[in-house]
Amino acid sequence: MKVTYYGHSCFGLENNGTHILFDPFISPNELAKGKVDVEAIKADYMLLSHGHEDHVADAISIAKRTGAQVISNFEITTWLNGKGIENTHPMNLGGQVKLPFGKLKYVTAIHSSVLPDGTYGGNPGGFVLQFSDLCIYYAGDTALTMDMQLIEREFDVDHAFLPIGDNFTMGVDDAIAAAKMVKCSSIIAMHYDTFPYIKTDHGEARSKFEKAGLELKIMEIGSSLSL
Ligand code: NI
Ligand code: MN
């Protein structure tokens, strides 16, 4: 499994030739300028956690170029259908679906969701992806919530993508609590630094995770790693 960071909460996963893209916010992201070629991003599936601009800004253009199937809540896929994106798969919280790459579950996130044009964006969520060999939890924008215990009951999460930027989502301390709740020691940081409200001290974040016996990966924008 190869993971590439495109900035903010946008990641690409490549697993056995299948490309899965999360929450594309690239062209408006100053931090990604010159580091990511949005036209070169591959996607067979695009997973959108919720409707906020900083998660869907490039969704329509990438979906049109790649033909990727866009998976999100019913309200967001309906909105995309109205924008000419036909290849969509609607879900809602607690639902799961078997796809060629594995099992996908749309799980609770405590946040809000409205689309860039003011359309209601349904309930925000996160995703659990159960591949044949490993399990990924992508939390989306969320507060720490006891519902995360349900993930641990059902899945053996190997790697968790968690927001650490605070203010709009969990911060570092709550992300540590979330990692413990889902019993996952490999954390990939997201939703930090992009805006002044979520500027994050990387060294402090890393050392707090380390003290908790967890590994926090803070990826350079445009870089990849193997999971
Ligand atoms: Ni949000
Ligand atoms: Mn956000």
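Leu162 stands opposite Ala189 in β12. Four bridges join β11 to β12, and the two run parallel; strands count as paired if DSSP finds at least two bridges between them. This is a predicted model: local features need pLDDT of at least 70, side-chain atom pairs count only at pLDDT 80 or more, and totals for chains, interfaces and linings use all residues. Residues are numbered from 1 along each chain as its sequence is written, chains are lettered from A and ligands numbered from 1 in the order in which they are written, and side-chain values use heavy atoms, with hydrogens and water left out.

**Strand β11 and its neighbours**

- Helices (H or I, at least four residues) and strands (E, at least two) are DSSP runs, numbered from the N terminus.
- From β11 the chain crosses through helix α5 (residues 172-181) to β12, in a right-handed β-α-β crossover. Right-handed means that, with the strands pointing away from the viewer, the path from the first strand over the helix to the second runs clockwise.
- β10, α4 and β11 also form a right-handed β-α-β unit.
- β10 and β11 pair in the parallel sense over three bridges. Tyr138 has Phe161 as its bridge partner in β11.

**Aromatic pairs**

- The structure holds eleven aromatic pairs. Rings of Phe, Tyr and Trp (its six-membered ring) pair if their centres lie within 6.5 Å; planes under 30 degrees apart count as stacked, over 60 as edge-to-face and the rest as tilted.
- The ring centres of Tyr5 and Tyr192 are 6.4 Å apart and their planes at 20°, so this pair is stacked.
- Tyr5 is in strand β1 (residues 2-5) and Tyr192 in the loop between β12 (186-190) and α6 (202-211), 187 residues apart. Both are buried.
- Ring pairs link Tyr5, Phe11, Phe22, Tyr138, Phe161 and Tyr192 into a cluster.

**Metal site**

- Asp54 (OD), His55 (NE2), Asp141 (OD) and His191 (NE2) coordinate the manganese ion (ligand 2) at 2.1 to 2.2 Å. Donors are N, O and S atoms within 2.8 Å of the metal (3.2 Å for Na, K and Ca); water is not among the atoms, so sites may look incomplete.
- Asp141 bridges the manganese ion (ligand 2) and the nickel ion (ligand 1), which lie 3.0 Å apart.
- His55 and Asp141 are buried.

Terms used: Buried < 20%, exposed > 50% of the residue type's maximum accessible area, 1.4 Å probe, protein only.
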